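Biologist: I would like to learn how to read a few features of a structure. Please show the structure and begin with one side chain.

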Amino acid sequence: VMALRLGLPMGLRPALRLVREGIPRRVDVGRCGEEPFLLAVGGGFEGQVIREADRQLKSRLGKSAYFWSAARHLPILHHDFTVEVDGEVFEENAASVMVANYGTQMGTWIFPPEASGDDGLLDVAVLKAQTFDQVVTLVAASLGAPPRQGGGLTLRRGRKVKVRCRQKVPIQLDGDDQGDATEFEAEIVPGALTVLVPRKPQPFHPCLLYTSPSP
C-alpha cells in the first residue's frame, strides 16, 4: 500500500535502483504505544476481519478474503466507543474505529479518503452497520467501494487519538492481529521516516490492486 501511494516500482530490481537514482521524501509515522505504524491501527469489526482473513486464505482468495471474513459476521456486532481527538471527545455505538496514517488502498481509492501519510495528521474513521444501507456500505468496503460520510461513517482528523471501549475488542496494527483490548492510543510523528522515491513516480496500474494490509 505504501509503495503504491509513493509511486514506487513493484519489481525488486527497479526498486533497488532507487538507492542510486531516488530522491529522499519525508513521510509521517504513526505510533500506538511503543509500536510504530505506517498504514493504520483499529479496533472492532476490522480487527476481527483481519484476524480471520489469515495469510493462507488471502493467498487463495486475494482481497475477497476480507469480504468472506466480513460476511461471516453478519449481523455485525457493535460496541460503545469513546473517541478523543486532540482533546475533543465524542461517543459512538459503532462496529469499528480506524486511526489511519496512510490508510488502505483498494484499486484507485483511498480510505479514509484524506489519509495522505505526509500531512502531519491522523485520520479517524468510525463505521456503523446498524441499518441495511450501513451494512451494505461496510461489507462493500472490503471489496473496494468507498464508504460515504454520513452513511454510517464519521470522520475526524487530529494529531493524538484515544479510543476506549466498554468491552475488549480485536485490535489490528498495519494488518497484524494485536489481540484484544479495551483501549488504544495513537499519535502522529511528522516526517519521521525518509524514503527514497522515483524522480518520476510510477503511474498506478489497474493490476496493482490492494490485496494485503501489510505495508
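Modeller: A polar atom of the Q172 side chain lies 2.8 Å from the backbone nitrogen of G175. A polar contact is a pair of N or O atoms within 3.5 Å; within protein, one must be able to donate a hydrogen and the other to accept it, and residues adjacent in sequence count only if both atoms are side-chain atoms. The side chain of Q172 also reaches the backbone nitrogen of D174, at 3.4 Å. This is a predicted model: local features need pLDDT of at least 70, side-chain atom pairs count only at pLDDT 80 or more, and totals for chains, interfaces and linings use all residues. Residues are numbered from 1 along each chain as its sequence is written, and side-chain values use heavy atoms, with hydrogens and water left out.

Biologist: Is Q172 buried or exposed?

Modeller: Buried means under 20% relative accessible area, exposed over 50%, partly exposed in between (1.4 Å probe, protein chains only). Q172 counts as buried because its relative accessibility is 3%. For the protein chain, 49% of the 215 residues count as buried.

Biologist: Which residues is Q172 in contact with, leaving aside neighbours within four places in sequence?

Modeller: Contact means heavy atoms within 4.5 Å. With those neighbours left aside, Q172 is in contact with A40, V41, G42, E46, G47, I50 and Q178.

Biologist: Where does the charged end of R156 sit?

Modeller: A charge sits over a ring if NZ of Lys or CZ of Arg is within 6 Å of the ring centre and within 35 degrees of the ring normal. The charged end of R156 sits over the ring of F90, 4.8 Å from the ring centre.
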